[in-house]
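This report describes helix packing, nonpolar cores and selected loop residues. The sequence and structure come before the details.

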Amino acid sequence: MSVPGDPQDGGPYPPPAGYGQSTVQFGSGYGQGTGYGAPPAPPRNGLGIAALVLGLLALVLSWTVIGGIVFGVLALIFGLLGRARAKRGESTNGGLSLAGVVLGVIGALIAVGLIAWGVYLLNAPAGQSYRRCVQRSGGDPVKIQQCVSDFGREVRGQPPATPPVTSQPAPASTPDHNAVYRADLHIPTVTCVLPTMGTTNRQLEAWVQASVTCLDNAWWPVLATAGLPFSRPGVRRFSGAAPDRACTGDVAIAYYCPADKVISVSPDGELDPIPDAHRAGRLLMTMAHEYGHHVQELSGITEASDRLQRAYPYRGPVWLQLSRRMELQANCFAGVAIAAMSGRGSVGAVELADAVSSIGGDDMEPGLPRDHGTAANNLKWFQTGLDAGRPAVCNTWLAAAGRVA
Ligand SMILES: [Zn+2]
């Protein structure tokens with residue numbers, strides 16, 4: 001560590017006397033006889049100044065605890081070294097060193113006192129109820145903030161702002177109640193510019209990433225206005241590996257996994273038999289649908305739906321209907337997003353027609369689990385989102401059974 005104001009500490013030492021010959025040889029400017037008859041060295045006051053600065057920092061930052069301790073200890077070390085230097089007559093500011101020591105010790109003591117106070121409060125009744133409150137929060141930042149606020153009121157002897165949490169769990173939020181259905185939320189206009197779709201990995205990757213950017217631009221303003229979190233989904237290319245049960249989608253085309261918020265897509269597997277001219281619309285539909293699942297995850301709909309589904313046997317009738325409500329909603333969200341882009345940039349009438357014609361359903365192939373809905377219902381929900389351009393119309397959770405068959 002360099003010491004402010006003390007250039008001598010880190011600077012070159014004058015060569016010892018007797019090496020004059022070699023210094024001449026290297027032209028360093030030190031002549032013969034250096035060290036003999038030179039003027040007395042100036043006072044080396046850097047340590048004292050450093051101690052004072054560190055001591056002041058310890059005092060000012062003592063409320064952060066860590067700042068008080070770190071700077072306090074450093075001030076103590078520099079101050080004691082500075083005092084020793086002053087005693088040897090090498091510096092003239094022993095007083096500053098002492099001031100640094102005193103300030104550093106005070107800063108560190110305040111920090112230690114704060115730790116002791118914190119430990120005392122956490123073991124007091126208010127602290128115990130605070131810890132229970134945080135445990136119950138399940139990591140929800142809003143609930144933790146409420147715990148902090150209640151803790152502060154209890155420490156000050158004020159009644160809690162909200163009724164104390166009872167052992168009864170909070171009513172579970174359900175997928176039909178969500179800020180994303182707010183009536184005033186409209187998808188913005190997005191000019192989606194997509195590269196020409198090639199066939200190499202790099203070209204497909206570039207196209208898929210550009211489509212995610214278009215979907216980001218359609219959805220983030222909606223989520224922000226609704227007060228919901230936003231993050232860009234990841235994209236992974238896959239080749240036939242079966243997704244985890246928590247993921248939604250089709251192993252042959254694409255799926256979305258909420259755990260890591262990644263869209264896995266197999267553009268080549270899906271698109272090989274399809275003429276080039278129709279690829280863009282079809283893949284855009286796939287991406288918009290998987291992104292619909294991402295919106296469900298970001299808004300908390302996925303979590304609420306999972307909570308409902310867990311109460312029923314896997315792939316039983318109720319489980320399958322809940323899955324269809326989820327999938328049809330993702331198709332409706334796809335329609336909302338494509339409404340944002342349709343008729344602009346790279347999304348023209350051809351792409352829209354190809355997107356619509358790619359929509360299928362469980363009833364197109366016998367033997368498929370009925371977890372996505374009929375082709376007619378998939379088309380209806382997509383069209384509903386496309387016509388309205390508002391996610392409020394996509395509340396499949398309130399729809400009659402026939403609309404989610
Ligand atoms: Zn899906």
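The model described here is predicted.

## Overall make-up

The protein contains 14 helices and four strands. Of its 405 residues, 35% count as buried. Among contacts between residues at least 6 apart in sequence, 67% join residues at least 24 apart.

## Loop residues with positive phi

Most residues other than glycine have a negative phi. Arg315 has a positive phi of about 60° although it is not a glycine. Arg315 sits in the loop between helix H11 (301-309) and H12. Because Arg315 has 11 other C-beta atoms within 10 Å, Arg315 is exposed.

Lys261, which is not a glycine either, has a positive phi of about 55°. The loop between S3 and S4 holds Lys261. Is Lys261 buried, exposed or partly exposed? Lys261 has 15 C-beta neighbours inside 10 Å and therefore counts as partly exposed.

## H8 against H10

Helix H8 (residues 201-225) packs on helix H10 (residues 279-299) at an angle of about 40°, and their axes are 10 Å apart. H8 and H10 are therefore oblique to each other. Their crossing is right-handed. On the H8 side, the contact is made by Val208, Ser211, Val212, Leu215, Trp219 and Leu223. On the H10 side, Leu284, Met287, Ala288, Tyr291, Val295 and Leu298 take part. By class, the contact of H8 with H10 has 11 nonpolar residues, one polar residue and no charged residues.

## H10 against H12

How do the axes of H10 and H12 cross, and within what distance do they come? The axes cross at roughly 115° and come within 7 Å. H10 and H12 are therefore roughly perpendicular to each other. The crossing of H10 and H12 is right-handed.

From H10, the residues that meet H12 are Met285, Ala288, His289, Tyr291, Gly292, His293, Val295 and Gln296. Their counterparts in H12 are Met326, Gln329, Ala330, Asn331, Phe333, Ala334, Ala337 and Ile338. The contact of H10 with H12 has 10 nonpolar, six polar and no charged residues.

## H4 against H5

Helix H4 (residues 66-87) and helix H5 (residues 94-123) pack with their axes 7 Å apart, at an angle of about 160°. An angle over 145 degrees counts as roughly antiparallel, so H4 and H5 are roughly antiparallel to each other. The crossing of H4 and H5 is left-handed. Sorted by class, the residues of the contact of H4 with H5 are 15 nonpolar, nine polar and one charged.

## Nonpolar cores

The largest nonpolar core has 53 residues, of which Leu215, Ala218, Ala288, Ala337 and Ile338 touch the most other members. At least two residues of this core come from each of H8, strand S3 (254-257), strand S4 (262-265), H10, helix H12 (317-341) and helix H14 (375-388). H12 supplies the largest share of this core, 13 residues.

Not counting residues up to four places away in sequence, Leu215 touches Met287, Ala288, Tyr291 and Ala337. A second, separate core has 20 residues, among them Leu59, Ala75, Leu76 and Leu103.

## Cys192 and its surroundings

Cys192 is located in the loop between helix H7 (141-155) and H8. Is Cys192 buried or exposed? Cys192 counts as buried because it has 22 C-beta neighbours inside 10 Å.

Which residues does Cys192 contact, leaving aside its neighbours within four places in sequence? They are Cys214, Met341, Arg344, Gly345, Ser346 and Val347. For Cys192 and Arg344, the separation in sequence is 152 residues, while the C-alpha to C-alpha distance is 6.9 Å.

How values were computed:
Residues numbered from 1 in each chain as written. Predicted model: local features only at pLDDT ≥ 70, side-chain atom pairs only at ≥ 80, totals over all residues. Axes fitted to C-alpha atoms, helices over the stretch in contact; angles between N-to-C directions. Parallel < 35°, antiparallel > 145°, perpendicular 65-115°, else oblique. Left-handed = near helix turned anticlockwise from the far one by under 90°. Contact = placed C-beta atoms within 7 Å. Nonpolar A, V, L, I, M, F, W, Y, C, P; charged D, E, K, R; others polar. Core = buried A, V, L, I, M, F, W, Y, C linked by C-beta atoms within 7 Å. Buried ≥ 20, exposed ≤ 12 C-beta atoms within 10 Å, placed from the backbone.
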